[in-house]
Amino acid sequence: MNEQQLINIRRDLHQIPELGFEEFKTQQYLKDTIADMPQDFLSIEEWETGLLVWVDGYEGEKTIGYRTDIDGLPIDEQTTYSFASRHEGSMHACGHDFHMTIALGILDHFAASQPKDNLLFIFQPAEEGPGGAKPMLAAEAFQRVKPDEIYALHIAPEYPVGTIATRPGLLFANTSELFIDFYGKGGHAARPHTANDMVVAASHFVTQLQTIVARNVNPLDSAVVTVGKITGGTKQNIIAGKARLEGTIRTLSMESMTQVKERIRHLTAGVETGFECKAEIDWGANYCQVYNDEELTRSFMEFSEQRDDIMLVECREAMTGEDFGYFLDEIPGVMFWLGVDTPYGLHDARIEPDERAIFTAVSHMVDYLSKNQ
Ligand SMILES: CC(=O)N[C@@H](CCC[C@H](N)C(=O)O)C(=O)O
């Protein structure tokens with residue numbers, strides 16, 4: 001594939017973002033694109049809305065996996081693109097259109113030029129939620145072709161194009177979603193004494209949540225508790241009988257995750273008592289940390305450092321979550337950041353990553369995966 005073809009693919013995919021396990025058009029687009037490649041060494045299997053694409057190696061003594069996520073986010077796009085999302089309310093705002101294009105670019109190379117090792121290209125649904133990696137790993141279809149080592153990347157807005165950033169060991173945090181419903185008693189805005197206001201209860205709770213990171217978690221073991229959404233009530237002059245908080249927890253250790261959840265349970269019980277209401281907690285999807293294999297990561301970093309067109313950064317760990325962590329929990333491998341140089345962060349409706357990063361990643365991974373040939 002030449003550079004223009006890669007850009008066209010990225011722009012096509014950008015227009016059809018779909019949420020987790022609803023990636024039907026995306027799956028069809030991937031299948032159609034792969035069907036245009038030489039087929040001699042390829043076999044393709046569908047898993048839910050994802051794909052597993054096997055490339056037969058000429059020696060085939062081991063199998064190397066390369067994983068991309070394929071889902072979009074529920075965001076109203078605000079870019080300046082002429083090829084903006086055609087799916088109202090959905091957007092590729094976390095770079096999965098880049099990730100897929102890069103995977104297709106690498107696959108296209110090896111479909112035409114048989115690799116020494118077998119390669120498995122994993123097009124995984126639902127990274128943003130509810131999490132496709134865990135069920136995919138457990139699936140018989142995956143276990144049959146399970147690779148011996150595995151790689152993945154994530155775009156990084158803050159680094160210039162040409163940058164690869166990673167580190168041996170912990171790269172991304174443990175995550176848990178957080179949903180809490182508060183149930184009280186609605187009423188007339190002018191008669192608060194006859195009602196039980198869940199906007200007030202939920203507001204107190206959000207303030208109390210801030211004490212967990214400030215006062216409970218060891219300051220040397222970082223954690224984040226973010227409430228990203230609050231809903232409650234129906235009208236300005238009606239007291240809300242119900243309020244809902246939606247958020248996420250991030251920790252660098254499982255011990256802190258257990259501790260944070262325990263504190264949330266206690267604080268919730270306190271609000272139930274203090275405000276005479278009922279609360280229900282749902283932890284949603286939980287992702288395990290992304291932990292890079294130390295030896296493979298050092299070897300990948302050494303390889304990257306030798307390249308004139310790559311600026312290698314040994315970065316700090318991040319509080320981002322990624323269900324690629326489940327693959328790394330079973331298979332040694334490496335995840336890395338790819339610089340795409342945009343002032344807007346991941347999950348920002350205005351993000352416009354620099355497309356030249358696609359060529360950097362394809363050529364780097366093709367060379368890396370060819371290094372033992
Ligand atoms: C790379 C990235 O942005 N990943 C997401 C993963 C979502 C995790 C889960 N749905 C949660 O919100 O806890 C992230 O938000 O870090």
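How many residues surround the ligand, and which are the closest?

Reply: Happy to take you through it, with the reminder that this is a predicted model. The ligand is surrounded by 13 residues, and the closest of them are Glu177, Thr248, Arg250, Gly321 and His347.

Three of these names are worth a look at the atom level. Thr248 places a polar side-chain atom 2.8 Å from an oxygen atom of the ligand. Arg250 likewise has a polar side-chain atom 2.8 Å from a ligand oxygen atom. With Gly321 the backbone takes part: one of its polar backbone atoms is 2.8 Å from a nitrogen atom of the ligand. On its own the ligand has 410 Å² of accessible area, and the protein covers 90% of this.

Now for the wider setting.

Where the two domains meet, 11 residues of domain 1 are in contact with 11 residues of domain 2. About 750 Å² is buried between them, with carbon and sulfur atoms giving 59% of that area. On its side, domain 1 brings six nonpolar, three polar and two charged residues to domain 2. If you look for salt bridges between domain 1 and domain 2, the count is zero, while three residue pairs are in polar contact there.

How values were computed
Residues numbered from 1 in each chain as written. Predicted model: local features only at pLDDT ≥ 70, side-chain atom pairs only at ≥ 80, totals over all residues. Heavy atoms only, no water. Contact = heavy atoms within 4.5 Å. Buried area = accessible area lost by both parts, 1.4 Å probe. Salt bridge = Lys/Arg side-chain N within 4 Å of Asp/Glu carboxyl O. Polar contact = N/O pair within 3.5 Å; in protein donor to acceptor, adjacent residues only side chain to side chain. Nonpolar A, V, L, I, M, F, W, Y, C, P; charged D, E, K, R; others polar. Near = heavy atom within 4 Å. Areas by Shrake-Rupley, 256 points an atom, 1.4 Å probe, with all protein chains shown as cover.
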